[in-house]
Amino acid sequence: MDPSRITLRKFRPTDADDLFSWAGDDQVTRYLRWKTLESKQEALTFIEEVCMPHPWRRSICIDDCSVGFISVFSGSGEDRCRADIGYAVAVEFWGQGIASKAVEMAIPQVFQDFPELVRLQAYVDVENKASHRVLEKAGFSKEGLLRKYFYLKGRIKDLVVYSILSKDESI
Amino acid sequence: MSVNLDKSEGEGRVQESLEITLRPIELSDVDDFMVWAADDKVTRFCLWDTYTSKEQALNYIKNCAIPHPWLRVICIENCAIGAISVTPGSGFDRCRGELGYVLSYNYWGKGIVTRAVQMVASTIFKEWPYLERLQAIVATDNNGSQRVLEKAGFQLEGLLRKYRVIKGKTKDEVMFSLLSTDNFLV
């Protein structure tokens, strides 16, 4: 795919239909805390009440249509040097390097928007190999396997932790 | 529970037995608390700053330590020489507990904290049946603390680069964990 077609921008209410098409899909939300959306109305509410007020959430767009998301949550206090990144992409766009490209694009923006940030990290389910590859392609380093780290959708999970540092970033 | 001074740790000391006990903290422990909490050599690796007054210590003991979900002082002959705590996660993180400990400098190198950690590990999974993972995050340059966890049977899971800010510097830290299903000495 021509990479110039892939862009990141804030969510808009007009993204509701597109959001519903991928966030209404269990395969996409499988490893997310998100509840799979059940209607376009729910999608609109989700955009207005969650996505738009979020401190850092972007729609991954192809030709300006939403096909996924990237979110960053930053810490405070002793955790202020650290932030967590999460993402998902519609199934029809899996396996084409789109999530990797989106994450690569997000990294410099994130380090710029969070001036105290030194470490961007991601926790990925040990089973979610495709997501491991997204991070590796985007330049993250695998640091370890955290056993029985938390519950997701009722199951206790082993997670792999990946990170990229502000100094890893080549300008 | 007895701790034997090992020659390799004690630099040729005569073997002694130190009986350590764990009990809840009390306001009357404040002077003993200040022995470790006001010592820069001890607080160097701690997230919190060195205590500078008894009033500050009393405030901490009353408002944080006593109400804490699981905090004990480590005692020799009922005098507090340090503390150990497990902070539980909530919601999706309730399977996880964070271990922390601190010990007066003069008692370092005698296997005391290792023994205290073993005592905690042998009871906490029974007290909290939903707890599956006890974890500890230690700065890479805190060798003493890493040895404690290794000796207590924790597994090193990874090096987390620039994980937290400690005393104004971002530090590389190591993640250790002990699962309820792991084999560990009691």
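## A buried aspartate in chain A

A residue counts as buried when its relative accessible area is under 20%. A:Asp125 comes in at 6%, so this aspartate is buried. Keep in mind that the model you're looking at is predicted.

Where does A:Asp125 sit? You'll find A:Asp125 in strand β5 of chain A, which covers residues 119-125. Its side chain has a polar partner: a polar contact of 2.9 Å links it to the side chain of A:Lys157. If you skip the neighbours within four places in sequence, the residues in contact with A:Asp125 are A:Tyr31, A:His132, A:Lys157, A:Asp158 and A:Leu159. So A:Lys157 turns up both as a contact of A:Asp125 and as its polar partner, side chain to side chain, while the buried label rests on that 6%.

## A:Thr7, over in β1

Now for a residue in another strand. A:Thr7 belongs to β1 of chain A, residues 6-9.

Beyond its neighbours within four places in sequence, A:Thr7 touches A:Ser59, A:Ile60, A:Cys61 and A:Met105. A:His132, one of the contacts of A:Asp125, is 125 residues away from A:Thr7 in sequence, and their C-alpha atoms are 22 Å apart in space.

## Two positive phi angles

Most residues other than glycine have a negative phi. Chain A has a couple of residues worth a look on that score. A:Asp63 isn't a glycine, yet its phi is positive, at about 50°. This aspartate lies in the loop that runs between β2 (57-62) and β3 (65-74) of chain A. Its relative accessible area is 48%, so A:Asp63 falls in the partly exposed class.

A:Lys148 also has a positive phi, near 50°, and again the residue is something other than glycine. Here the setting is a strand: A:Lys148 is part of β6 of chain A, residues 141-152.

## Where chain B meets chain A

How many residues of chain B are in contact with chain A? There are 26 of them, and they meet 26 residues of chain A. Between the two chains, about 2300 Å² of area is buried, with carbon and sulfur atoms giving 53% of that. Three residues stand out on the chain B side: B:Phe92, B:Arg161 and B:Tyr163 together supply 30% of the area that chain B buries against chain A, more than any other three residues.

Across the interface, twelve residue pairs are in polar contact. On chain B, three strands each supply at least two residues of the side that touches chain A: β6 (133-139), β7 (155-166) and β8 (169-179). The most comes from β7 of chain B, with ten residues. Sorted by class, that side of chain B has ten nonpolar, six polar and ten charged residues.

## What the record says about chain B

An unreviewed UniProt entry annotates residues 20-172 of chain B as "domain: N-acetyltransferase". In the model, this span is 32% helix and 33% strand, and the C-alpha atoms at its ends are 32 Å apart.

Terms used: Residues numbered from 1 in each chain as written. Chains lettered and ligands numbered in written order. Predicted model: local features only at pLDDT ≥ 70, side-chain atom pairs only at ≥ 80, totals over all residues. Heavy atoms only, no water. Contact = heavy atoms within 4.5 Å. Buried area = accessible area lost by both parts, 1.4 Å probe. Polar contact = N/O pair within 3.5 Å; in protein donor to acceptor, adjacent residues only side chain to side chain. Helix = DSSP H or I, 4+ residues; strand = E, 2+ residues; numbered from the N terminus. Nonpolar A, V, L, I, M, F, W, Y, C, P; charged D, E, K, R; others polar. UniProt positions renumbered as here; feature names shortened; annotations may be inferred. Buried < 20%, exposed > 50% of the residue type's maximum accessible area, 1.4 Å probe, protein only.
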